[in-house]
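Hello,

Below is the structure I said I would pass on, followed by notes on what was found in it. Please read the notes with the coordinates open.

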Amino acid sequence: MTPAAVHAAAEWLEHASAPEVLRWAGDTFGARLAVTTSLTDAVLVHLASRVLPGVTVLFVDTGKHFPETLGTRDAVGATYDVELRTVATDEAVPDRLYETDPGRCCWLRKVSPLERALRDFDAWVTGLRRDESPQRAHTPVVQWDARRRKVKVNPLARWSSADVAAYTAEHDVLVNPLVALGYRSVGCAPCTRPVADGEDERAGRWAGTAKSECGLHA
């Protein structure tokens with residue numbers, strides 16, 4: 001698809017439901033479509049498994065995840081009708097690089113491994129939502145990923161946190177146990193804290209620094 005065609009698709013799908021957006025992506029890209037997840041919850045994976053059974057799901061093991069996140073990954077792989085692939089860096093990363101250069105740490109542990117994994121695909125699906133943070137407030141439902149020259153699909157972009165909670169309850173979706181402890185967006189253990197009342201969902205990521213994204217969605 002050309003960037004212009006992607007823009008047209010974004011306008012056409014702006015008010016489509018999340019399943020309709022996923023169905024469009026599956027019809028358009030077939031096996032060249034991958035779903036990505038960090039597994040704060042499995043809402044996106046559950047939805048994709050119903051609309052696109054057997055779809056490839058990519059999970060990046062950074063080597064710094066909470067045990068609860070890895071347990072959620074294993075439960076998702078055993079429960080849902082998806083092909084779950086775990087990808088990881090093939091480079092030696094200093095153990096405490098997150099303290100001295102968090103941007104480089106994210107690149108080596110998360111961004112670069114996903115870049116490699118996405119080479120096999122023409123489009124990727126994310127769980128980005130507009131209400132997660134000010135930086136994500138204008139996330140389109142479909143967009144052209146110029147850096148990777150791929151189509152990026154965000155079927156949950158218009159969902160609210162209440163929509164996520166309702167879908168989770170209705171379908172008994174797997175959720176990372178850390179969510180019950182106040183972690184509303186779960187990343188690597190050294191760089192994630194629980195979120196206080198009134199903070200946006202991603203306030204606990206790289207708290208106390210100017211960093212707000214790992215680089216996947218920059």
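In helix H1, which spans residues 3–13, the buried residues include Val6, Ala9, Ala10 and Leu13. These residues lie on the same side of H1, because the arc they cover around the axis is only 105 degrees. An α-helix has 3.6 residues a turn, so residues three or four places apart point the same way. The other side of H1 carries Ala4, Glu11 and Trp12, which are exposed. Among the elements that cover the buried residues of H1 are helix H2 (18–29), E5 and E6. Please keep in mind throughout that this is a predicted model.

In soluble globular proteins, nonpolar side chains tend to be buried together. Here the largest nonpolar core has 40 residues, and the members that touch the most others are Trp24 and Val142. Two or more residues of this core come from each of H1, H2, strand E1 (33–36), helix H3 (43–51), strand E2 (56–60), strand E4 (123–125), E6 and H7.

What does Val142 contact once its neighbours within four places in sequence are left aside? The partners are Val6, Ala10, Leu13, Trp24, Val151 and Lys152. Of these, Val6, Ala10 and Leu13 are among the buried residues of H1 already listed.

There is also a second, separate core, with 11 residues, among them Ala34, Leu58, Val111 and Trp124.

**Aromatic pairs**

A pair of aromatic rings is described by the distance of the centres and the angle of the planes. The count for this model comes to 3 aromatic pairs. One of them joins Trp24 and Phe29 edge-to-face, with 6.0 Å from centre to centre and 90 degrees between the planes. Both partners are buried: Trp24 has a relative accessible area of 12%, and Phe29 has one of 11%.

In another pair, that of Trp159 and Tyr167, the ring centres are 5.6 Å apart and the planes are at 50 degrees, so this pair counts as tilted. Trp159 and Tyr167 are both buried as well.

**Cysteines**

A disulfide is a covalent bond between the sulfur atoms of two cysteines. Cys105 is buried, at 6% relative accessibility. Cys188 is likewise in no disulfide, as the nearest cysteine sulfur, that of Cys191, is 6.1 Å away. Cys188 counts as buried too, with a relative accessible area of 19%; the limit for buried is under 20%.

**Backbone: positive phi**

Most residues other than glycine have a negative phi, and most peptide bonds are trans.

- Arg149 is not a glycine, yet has a positive phi of about 55 degrees. Arg149 sits in the loop between strand E5 (142–145) and strand E6 (150–153), and is exposed, with a relative accessible area of 62%.
- Asp172, also not a glycine, has a positive phi of about 50 degrees. Asp172 belongs to the segment after helix H7 (161–171) and is exposed at 67% relative accessibility.

Regards

Methods
Residues are numbered from 1 along each chain as its sequence is written. This is a predicted model: local features need pLDDT of at least 70, side-chain atom pairs count only at pLDDT 80 or more; totals for chains, interfaces and linings use all residues. Side-chain values use heavy atoms; hydrogens and water are left out. Helices (H or I, at least four residues) and strands (E, at least two) are DSSP runs, numbered from the N terminus. Buried means under 20% relative accessible area, exposed over 50%, partly exposed in between (1.4 Å probe, protein chains only). A disulfide is a pair of cysteine sulfur atoms within 2.5 Å. The arc is that of the directions from the helix axis to the C-beta atoms. Contact means heavy atoms within 4.5 Å. Rings of Phe, Tyr and Trp (its six-membered ring) pair if their centres lie within 6.5 Å; planes under 30 degrees apart count as stacked, over 60 as edge-to-face and the rest as tilted. A nonpolar core is a set of buried Ala, Val, Leu, Ile, Met, Phe, Trp, Tyr and Cys residues joined through side-chain atoms within 4.5 Å.
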